Amino acid sequence: MQKPFLDTKIPEGPLEKKWSNYKQHAKLVNPNNRKKLEIIVVGTGLSGASAAASLAEMGYQVKSFCFQDTPRRAHSVAAQGGVNAAKNYKNDGDSVYRMFYDTLKGGDFRSREANTYRLAECSASLIDQAIAQGVPFAREYGGYLRNRSFGGVQVSRTFYARGQTGQQLLLGAYQGLMRQVKAEKVKLYTRHEMLDLVLIDNKAKGIIARNLDTGEIERHGAHAVVLATGGFGKIYYLSTLAMGCNASAIWRAHKKGAFMANPSWTQIHPTSLPQSGPYQSKLTLMSESLRNDGRIWVPKDQNEKRKPNDIPEEDRDYYLERKYPSFGNLAPRDIASRAAKEQIDAGKGVGALKNAVYLDFSRALKEYGKNIIKERYGNLFDMYRKITGINAYDEPMKISPAAHFSMGGLWVDYELMTSINGLFAIGEANFSDHGANRLGANSLLQACVDGYFILPYTLSNYLATEIKVPKTDIQHKEFDIAEANCSKLLEDFLTTKGTKTAEEFHKELGKELYDKCGLSRSKEGLEKAIENIQKLRKEFKSNLIVPGDAAEVNSELEKAGRVADYLEVAELMCIDALQRDESCGAHFRQEYQTEDGEAKRDDENFSYSAAWEWTTNPSKPNLNKEPLIFEFVKPTVRSYK
Amino acid sequence: MKIYLKIWRQKDNLSKGSFKDYTVEDVNKDMSFLEMLDTLNLKLVKQGERPVEFDHDCREGICGQCGVMINGIAHGPLKNTTTCQLHMRSFKDGDTIYIEPFKAEAFPIVRDLKVDRSSLDRIITSGGFVSVDTGQAPEANSIPITYEEAEAAFDAAACIGCGACVASCKNSSAALFTGAKITHLELLPQGQKETHKRVAEMVEQMEKEGFGHCSNTEACQVECPENISVLNIARMNFEYNKSKLLVKK
Ligand SMILES: Cc1cc2nc3c(=O)[nH]c(=O)nc-3n(C[C@H](O)[C@H](O)[C@H](O)COP(=O)(O)OP(=O)(O)OC[C@H]3O[C@@H](n4cnc5c(N)ncnc54)[C@H](O)[C@@H]3O)c2cc1C
Ligand code: SF4
Ligand code: FES
């Protein structure tokens with residue numbers, strides 16, 4: 001049976017009782033029956049590893065997939081800054097409610113109240129869990145956990161492990177996962193890429209995956225499938241994501257009926273290192289914490305030729321301090337990024353490609369001395385020198401905005417189930433709790449909370465109805481069809497024999513998207529982008545070159561599949577941005593701004609999540625709207641002036 | 001600048017490999033080492049040739065997926081730097097660079113510069129964890145851990161699992177990798193309870209995988225991108241001996 005149309009399944013009751021109400025009424029699976037139920041979890045980042053380990057501990061049989069050579073390399077590993085939790089260890093007035101409100105406001109009132117509240121509610125347990133696993137979070141001298149504040153909130157609720165919070169949290173989850181591998185409750189499939197989702201009688205029953213070391217196409221059946229495949233910001237080509245990050249898993253599920261929600265909402269991070277040349281493959285993030293002591297500026301004169309240290313104060317424009325006197329250099333990410341772009345577009349960018357702005361520590365160095373600055377940011381200054389060869393103690397850093405986080409993703413209900421029965425999406429892969437803009441340190445949290453604390457309940461509630469269903473037969477004709485389609489697709493890439501590599505297509509697509517569906521969007525630009533993307537997609541079909549064959553290690557073939565999907569996702573992103581005639585969070589439409597250039601939200605007409613449905617024509621998706629109902633909080637104007 | 005490359009090409013673990021010569025003309029000093037290889041691969045693919053397969057993902061020195069021998073040194077000439085974080089400014093115009101995979105019996109070659117390091121995963125699987133289920137954890141602040149203890153545990157926990165230590169060791173020993181995990185967990189009260197069981201199982205697994213014995217040359221720490229200390233190996237040996245004694249009793 002098809003699922004009821006966009007049923008959010010938000011439980012009854014007051015906000016703070018919803019999750020406990022849900023848990024009290026959720027169906028359970030008898031421990032004896034659990035071992036008969038198989039679950040596929042695609043992805044071993046924080047969301048996938050935590051889910052797979054927790055489900056295996058409960059007694060389910062889990063198959064865990066990732067494309068890297070070990071689960072520990074999922075891109076969660078790269079998160080630097082920290083993870084939020086409403087522990088209120090600082091006694092500074094933090095609470096679950098405050099954290100919920102900050103998240104909702106940070107997301108510009110474009111997320112679901114009940115989900116966002118649950119995220120804050122489960123946050124404290126995550127810290128307990130991580131500590132028990134041996135995650136070495138920062139400590140005070142007395143031995144208690146240390147906190148700091150992060151991005152646009154007034155309390156200190158961020159826990160961190162040096163500049164490697166994601167790595168340490170992931171190692172905790174990974175070790176938990178490997179413990180279940182040892183217990184033979186999890187079977188691990190590394191260097192496997194999911195190529196398709198298989199539905200039988202409208203329920204998710206398995207996947208087709210390719211062994212990337214042998215090229216073999218495999219069938220895997222289960223009683224339910226969980227996608228924990230991370231973000232797809234890599235679609236912009238230059239981004240802070242890893243080279244292998246992709247939209248393929250969720251996109252292929254989308255083509256089987258899972259709705260994609262708010263795909264155009266992408267967070268562009270303000271403090272990444274700028275592109276240094278056309279060969280550049282990725283952009284490295286510099287922690288946002290630098291903005292605590294660094295001042296951002298550009299020269300007033302666009303023809304400025306002097307070195308930064310030779311430019312006197314009166315010829316510099318500290319534009320964030322000028323435009324946002326109360327938040328200054330600490331303005332939220334979307335605002336800081338947009339302001340940088342404005343300067344760069346006005347020809348005031350610095351560096352050889354005029355694509356960056358200065359982040360200057362000279363005042364802080366004078367005020368606190370080099371030792372203090374070194375203590376605070378030493379590893380970041382070292383990293384900066386490694387990559388650029390420049391010593392930032394002597395001259396300002398050059399930074400620029402970079403695509404970073406996908407707020408959009410697969411639409412899910414309160415149970416994290418997509419619009420396909422038995423298909424769940426967790427972590428950055430779903431459209432999540434962050435609304436139109438994610439607050440710093442909230443997404444590690446979301447990935448963990450989804451996997452450790454929510455999915456084990458909601459998936460059990462689903463599986464309770466599947467106990468009598470026998471093991472999925474991978475000889476079923478739906479598997480035949482899906483496998484044949486996958487093989488055909490790979491064959492098509494190999495036999496096109498054109499002249500342009502997948503990477504070249506990707507670079508072109510990325511630039512188009514960044515220019516027209518990035519920090520700032522307009523009707524005209526988006527329409528043009530759609531036209532160009534369609535052309536590019538057409539060219540891809542006739543002019544792609546992939547050497548080698550499918551029955552072997554072939555990274556060019558892997559890339560081709562990812563880029564083919566990106567070429568379709570990109571169009572949906574533009575369509576999504578085009579239908580939203582308002583500005584909210586990271587989505588800034590030039591036509592909808594206040595007199596002084598700030599985002600103008602339109603709650604009357606756009607207080608909904610756009611859930612797109614595949615129609616077989618990538619240019620003509622169906623729009624379904626999930627109205628956002630604010631029962632407990634009144635949306636306000638988000639101002640940081 | 002112009003760079004001459006001698007790159008190890010090998011179709012799979014069963015085939016014989018050899019060095020092949022390549023030249024990359026338009027190398028920029030700000031390019032990363034892997035971007036230099038991308039540039040070469042772009043040229044190869046356009047000519048219809050098979051590109052050089054190499055491992056990489058995050059390209060920011062944290063995932064541990066990249067790693068090749070560059071002129072005989074794991075991750076190349078810069079200290080505490082992964083292959084992906086090495087930039088071409090470390091070389092000069094006209095240089096010849098030898099590039100080979102991390103070689104060890106326990107790291108079979110997959111293709112070209114790609115190797116299979118799942119043996120490291122199996123060492124973790126044998127005991128590199130704290131046995132705690134989701135939901136069992138007590139309140140986080142209930143067990144204070146001093147700043148120094150947490151920092152010391154972190155120093156060991158920083159290992160990125162790249163395998164450079166194994167590739168740099170003349171015995172192909174995984175002692176640094178294994179010692180680091182044992183130390184990380186043993187320094188924290190949450191992990192201490194299981195130390196003896198853990199150390200026995202992990203050391204046994206390490207041997208099963210075909211890693212060699214540590215003979216204290218300390219080459220591993222020199223090439224380790226995270227500067228993991230050889231003192232971790234000493235701690236592992238100490239705990240291992242203790243565990244054997246305790247078992248005998
Ligand atoms: C540089 C950087 C810094 C960040 N810093 C912070 C921070 O300080 N605080 C914070 O809260 N958040 C931060 N974030 C965001 C946060 O790290 C991510 O949102 C979160 O870790 C995502 O976890 P995940 O489990 O959803 O996905 P990931 O960790 O990305 O895992 C995805 C998994 O899916 C697998 N996969 C993907 N596609 C396929 C496929 N087709 N087939 C098989 N397997 C597949 C991959 O192998 C991988 O195992 C940062 C992000 C970046 C990029
Ligand atoms: S100990 Fe160092 S060299 Fe060895 S795997 Fe860990 S990080 Fe790599
Ligand atoms: S690619 Fe991740 S460490 Fe080099």
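This is a predicted model: local features need pLDDT of at least 70, side-chain atom pairs count only at pLDDT 80 or more; totals for chains, interfaces and linings use all residues.
A:Lys500 lies over the face of A:Phe505, with 4.7 Å to the ring centre. I then found the charged end of A:Arg316 over the ring of A:Trp297, 4.0 Å from its centre.

Next I looked up aromatic pairs, and the count over all chains is 29. I picked out A:Tyr141 and B:Tyr147, a tilted pair at 4.4 Å centre to centre with 35 degrees between the planes. A:Tyr141 is in the loop between α6 and β4 of chain A and B:Tyr147 is in helix α3 of chain B, so this pair joins two chains. I noted A:Tyr141 as exposed, at 55% relative accessibility. B:Tyr147 is partly exposed, at 24%.

I went back to A:Trp297, which forms a tilted pair with A:Tyr318, 6.3 Å centre to centre and 50 degrees between the planes. The pair links distant parts of the chain: A:Trp297 is in strand β12, A:Tyr318 in the loop between β13 and α9, 21 residues apart. I found both A:Trp297 and A:Tyr318 buried. I also noted one aromatic cluster formed by A:Trp19, A:Tyr22, A:Tyr414 and A:Tyr457.

I turned to ligand 2, which has 13 residues around it; B:Cys159, B:Cys162, B:Gly163, B:Cys165 and B:Cys224 come nearest. Helices α4 and α5 of chain B each give two or more residues to this shell. I sorted the shell into 10 nonpolar residues, two polar and one charged.

Last, I checked backbone angles. B:Asn227 is not a glycine, yet its phi is positive, about 55 degrees. I located B:Asn227 in the loop between α8 and α9 of chain B.

Definitions and conventions:
Residues are numbered from 1 along each chain as its sequence is written. Chains are lettered from A and ligands numbered from 1 in the order in which they are written. Side-chain values use heavy atoms; hydrogens and water are left out. A residue is near a molecule or strand if one of its heavy atoms lies within 4 Å of it. Helices (H or I, at least four residues) and strands (E, at least two) are DSSP runs, numbered from the N terminus. Ala, Val, Leu, Ile, Met, Phe, Trp, Tyr, Cys and Pro count as nonpolar, Asp, Glu, Lys and Arg as charged, and the others, Gly among them, as polar. Rings of Phe, Tyr and Trp (its six-membered ring) pair if their centres lie within 6.5 Å; planes under 30 degrees apart count as stacked, over 60 as edge-to-face and the rest as tilted. Buried means under 20% relative accessible area, exposed over 50%, partly exposed in between (1.4 Å probe, protein chains only). A charge sits over a ring if NZ of Lys or CZ of Arg is within 6 Å of the ring centre and within 35 degrees of the ring normal.
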